[in-house]
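Subject: Structure handover

Hello,

Here is the structure I promised. Please load it first; my notes follow below.

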Amino acid sequence: MWLEELRRRERGELRARRFEALARSRRAASLALSNRKEIATPHHGAVNSLQVDLTEGRYLLSGASDGSAAVFDLKNATEYEAGFIAKHRSILLVDRQHEHGHKFVVSAAIWYPVDTGLFVTASFDTYVKVWDTNSTQVVMDFKMPGKVYSAAMSPIATTHMLIATGSADVQVRLCDIASGAFTHTLSGHHDGIMSLEWSTSSEWILMSGGCDGAIRFWDIRRAGCFLVLDQLRSQQGRRPPFLDSAMEKQDQKNLTSSPSSKSNSVHQRTGSRKKHSKALHKSQTLIRGHTQQRVHPGMSSSQNRTTAHYGAVTGLKTTTDGMHLLSSGSDSRLRIWDIDSGCNTLVNFEAMRLHPRKPLQLAVTDDPSLVFVPCMGSIKAYNMWSGTTFQTFRGHYDHVNCCYYNSQDQELYTGSNDRQILVWSPATPALTEMEDDDKRQEGFAADEDNWSD
């Protein structure tokens with residue numbers, strides 16, 4: 001199959017971009033535990049956050065539960081084991097022994113989007129710190145009102161240098177690196193904020209997921225959120241309710257019709273209104289009686305406010321094209337949202353078991369065709385549009401907390417409670433296999449010639 005695509009490209013039948021997309025998809029679909037690259041972590045606690053820098057795609061940043069953060073050079077190996085296994089040790093380490101190091105869990109570690117000279121760490125010690133990579137010193141820090149669960153910076157921002165932070169407090173706080181102060185706060189959640197994600201199509205749009213089960217969209221130039229996602233609002237669900245204005249227009253249309261149909265239309269209107277009032281009274285009594293019934297813990301919050309998940313929103317991830325948002329929740333559900341309409345796309349993902357009380361870092365390919373989800377002790381790759389399990393990656397000995405897909409090298413990095421960072425690389429077709437395919441093709445051609453003679 002690969003050889004056929006290659007020959008179609010050589011003949012000019014396949015465009016360059018299409019050929020590149022097919023090659024990337026094939027490599028992403030062939031991911032397996034690498035036997036040529038190994039990352040030796042200095043962490044003594046669970047790995048909670050992973051990110052490769054967006055400028056060079058060379059340096060891997062990790063944050064762990066022992067309060068440490070480390071940087072690894074993915075291009076240059078520190079040493080080689082058994083002659084061919086490239087071992088990568090940390091080239092920078094900041095731990096509790098550092099005079100400005102974090103005292104508790106590092107929940108998030110992110111690169112400054114346009115330069116590898118700075119990186120940001122967020123911790124349960126209520127501090128968000130900005131580090132100088134060259135001097136390993138803290139440039140500035142921000143004191144939060146509670147444990148910091150997440151931190152994010154816009155990958156496409158050109159006019160601001162804001163760090164969005166979510167903590168045990170109900171407000172999203174924006175920290176400005178340029179001024180070293182808080183710019184403003186975003187209020188709307190009713191509980192702590194576990195996940196944050198910037199839009200990949202607009203530098204002003206921020207998405208937040210809270211422990212109250214809500215996902216809110218914010219335009220940081222304006223006050224208040226402009227969209228709250230509702231899991232009951234879908235693109236393929238029932239039509240919107242019949243509005244009063246539409247009913248009045250229909251009444252006027254009926255009044256202007258022939259006199260013989262006026263009496264029938266009046267009876268129809270009065271009958272429909274009676275039915276509508278009865279249905280409304282029935283729904284109200286059901287709502288009043290529903291509070292006495294035993295329901296799912298997340299349902300109690302959904303009675304008076306919109307929710308995207310029954311429970312905390314533990315992870316958010318936007319696709320590269322900025323059209324869709326993936327969310328995971330403590331209800332062990334994964335949902336895909338259309339960002340433009342704010343609707344649930346109703347993709348039914350196969351059964352999964354997610355950590356209910358910890359933020360999760362999701363990953364998605366550039367296509368986007370596959371989404372990688374930490375599911376307890378394994379990582380599951382789902383087909384994004386069908387919801388079926390494409391592959392299950394097993395290699396960790398404990399719960400997996402984070403995964404990051406490096407689009408440049410097309411490798412997957414995963415971190416777990418077992419203190420390890422594993423590398424999953426694509427299986428590149430060997431040259432001998434391609435040569436064997438050539439020989440088989442030549443053999444088939446020779447057989448055809450013999451038959452034709």
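Which residue in the turn between strand 26 and strand 27 has a positive phi? Gly 387 does, at about 85 degrees. Bear in mind that this is a predicted model.

The hairpin first. Strand 26 and strand 27 have five residues between them. Strand 26 covers residues 378-383 and strand 27 covers residues 389-394. They run antiparallel, joined by five bridges. Ser 378 has Arg 394 in strand 27 as its bridge partner.

Next, the cores. The largest nonpolar core holds 16 residues. Val 120, Val 128, Val 130, Phe 142, Met 153, Ile 163 and Ile 177 have the most contacts inside it. At least two residues of this core come from each of strand 8 (106-111), strand 9 (118-123), strand 10 (127-132), strand 11 (137-143) and strand 12 (148-153). Strand 12 gives the largest share, three residues. Beyond its neighbours within four places in sequence, Val 120 contacts Ala 108, Ala 109, Ile 110, Val 128, Lys 129, Val 130, Met 153 and Ile 163. There is also a second, separate core of 15 residues, including Leu 354, Val 373, Tyr 382 and Met 384.

Last, a loop glycine. Gly 57 sits in the loop between strand 3 (47-52) and strand 4 (59-64). Gly 57 counts as buried because its relative accessibility is 0%, and the cut-off for buried is under 20%. Sequence neighbours within four places aside, Gly 57 is in contact with Val 52, Lys 75, Asn 406, Gln 408 and Asp 409. Thr 116 is 59 residues from Gly 57 in sequence, and their C-alpha atoms are 10.0 Å apart.

Best wishes

Notes: Residues are numbered from 1 along each chain as its sequence is written. This is a predicted model: local features need pLDDT of at least 70, side-chain atom pairs count only at pLDDT 80 or more; totals for chains, interfaces and linings use all residues. Side-chain values use heavy atoms; hydrogens and water are left out. A nonpolar core is a set of buried Ala, Val, Leu, Ile, Met, Phe, Trp, Tyr and Cys residues joined through side-chain atoms within 4.5 Å. Buried means under 20% relative accessible area, exposed over 50%, partly exposed in between (1.4 Å probe, protein chains only). Helices (H or I, at least four residues) and strands (E, at least two) are DSSP runs, numbered from the N terminus. Contact means heavy atoms within 4.5 Å. Two strands pair if DSSP finds at least two bridges between them.
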